[in-house]
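Me: I have a model to go through with you. Could you take my questions one at a time?

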Amino acid sequence: MNSTLSADGSDAETVSFEVVGVDLLVFVILDYSLGTIIMVTNGFLFFTIYHDPCRCLRTPSVFLIANLSVADFFVGVVSFLRGAELTNLYRGLGDLLILNLVEYFIGAVSILAAVSTLMAMSYERYVAVIKPFQYPHKITNKKAKIAIAVTWINGLIMSVLPIADVKRKNFLLAYCYSHFVIPSSVLTAVYVKIYRAIFRQSEELRNVRASLTAANRRKQLERENRMVITFAMILLVFFLSFIPYFIQVQILYFCSCRNTYSYKVYYLVANEFLSVSSMINPFMYAWRLPKFNHSLRSWFRHRRLTRNVVVAWNGAKCNENPVIG
C-alpha cells in the first residue's frame, strides 16, 4: 500500500521518494527480511493446520485463524514487492507503476480481509462465552467457511473502489475510520464484556459444590479464557501496528509537514509497521494455544516416519504413540 496522493492531495500520483542511499537501503533489507519471516512462519502454520497431525484443528475458530494466516502470508508478499520497488529506487531505476499497483491491491485486500477476520473471531468468542449452549448451532464449520468467503469478497470489493473513480483521498480516509477506528472501539467493548462474563462465571462456579459437571465447566472456562486472551492480544498487536499508518494518512491530508524529509522517512516506517502483526501472530498461536503448540511439535517429531501420521489429541496433549493411517 505504498501508493498515495501527491502533496496537494490530488490523485494519480505516488509519493516522490526523497529517501536515498544508506537510509533507503535499510528499508530494502528490512522489507526482504520481514517478508521472508512472515511468509515462512505463516506458510508453515497453514501447512500444519492443513495436515492437522493431532486431528484437533478442524474447528470454526481454527478455520478463522487459518484465514488470518493466509491474509498475513499475503502481507509478507507485499513486503517482498515493496522491497523490489525500493530496490529499483535505490538503483536509480525509478518507480514501476505496475509493481506499485499490484502491491497496493494485494496489500489492501489482505489487510481488509484480516480486519474482517478479526471481527469474525471476536464474534465467535463472544458466542462461545456469552451463549455457550447456542454455540453448536450458531457457530459451525460451514458458517465459518461462509464468513471466510465474505471477508475476501469484502476485501476485493473495497480494494477496487479507487479504480472505479473513487478518489483515493476519500478511500484512504474512509478505510482508516471504517476498518480501524470503528472496529477498534467496538471490539474493545466486546472483549471487555467477554472477559467480565468469564470472570462472573468463574466466581459463580467457586460457590458451587465440587462435582464432575462443575469441574468440566471450570476447565472449559479456562480454555475459553486462554483463547479470548490470545485473540485479544492478536487484536491489540494488529491495531498497534496499524496506528503509525493511520497517523501517516492524517498527516498526509491535514498537515503541511507532508512535504518534509521526515515525513518521507515516517511514511516508510509506517508501512513497515503494517507487517509487524503478521510476523508476530504465528508465534502467538504456538505460545498461547496448546493445540497449535502440540500440533507443531508433533509434526516435527514424526515428519520422518511417514506422510500420513495421525497423533491422537486427548484434550490436553497429543498421544505420543502415533497411529499410522
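Me: Is Tyr 177 buried, partly exposed or exposed?
Reply: Tyr 177 counts as partly exposed, at 38% relative accessibility, where buried means under 20% relative accessible area, exposed over 50% and partly exposed in between, with a 1.4 Å probe and protein chains only. This is a predicted model, in which local features need pLDDT of at least 70 and side-chain atom pairs count only at pLDDT 80 or more, whereas totals for chains, interfaces and linings use all residues. Residues are numbered from 1 along each chain as its sequence is written, and side-chain values use heavy atoms, with hydrogens and water left out.

Me: How many aromatic pairs are there?
Reply: The structure holds 12 aromatic pairs, a pair being rings of Phe, Tyr and Trp (its six-membered ring) with centres within 6.5 Å; planes under 30 degrees apart count as stacked, over 60 as edge-to-face and the rest as tilted. One of them is edge-to-face, between Tyr 177 and Phe 246, at 5.5 Å centre to centre and 75° between the planes.

Me: Which helices does that pair link?
Reply: Tyr 177 sits in helix H6 (residues 168–206) and Phe 246 in helix H7 (residues 212–254), 69 residues apart, with helices taken as DSSP runs of H or I of at least four residues, numbered from the N terminus. Phe 246 is buried, at 17% relative accessible area.

Me: Switching topic, what does Ser 159 touch?
Reply: Leaving out residues up to four places away in sequence, Ser 159 touches Tyr 104, Phe 105, Ala 108, Val 109 and Leu 112, contact meaning heavy atoms within 4.5 Å. Ser 159 is buried, with a relative accessible area of 0%.

Terms used
Helix = DSSP H or I, 4+ residues; strand = E, 2+ residues; numbered from the N terminus.
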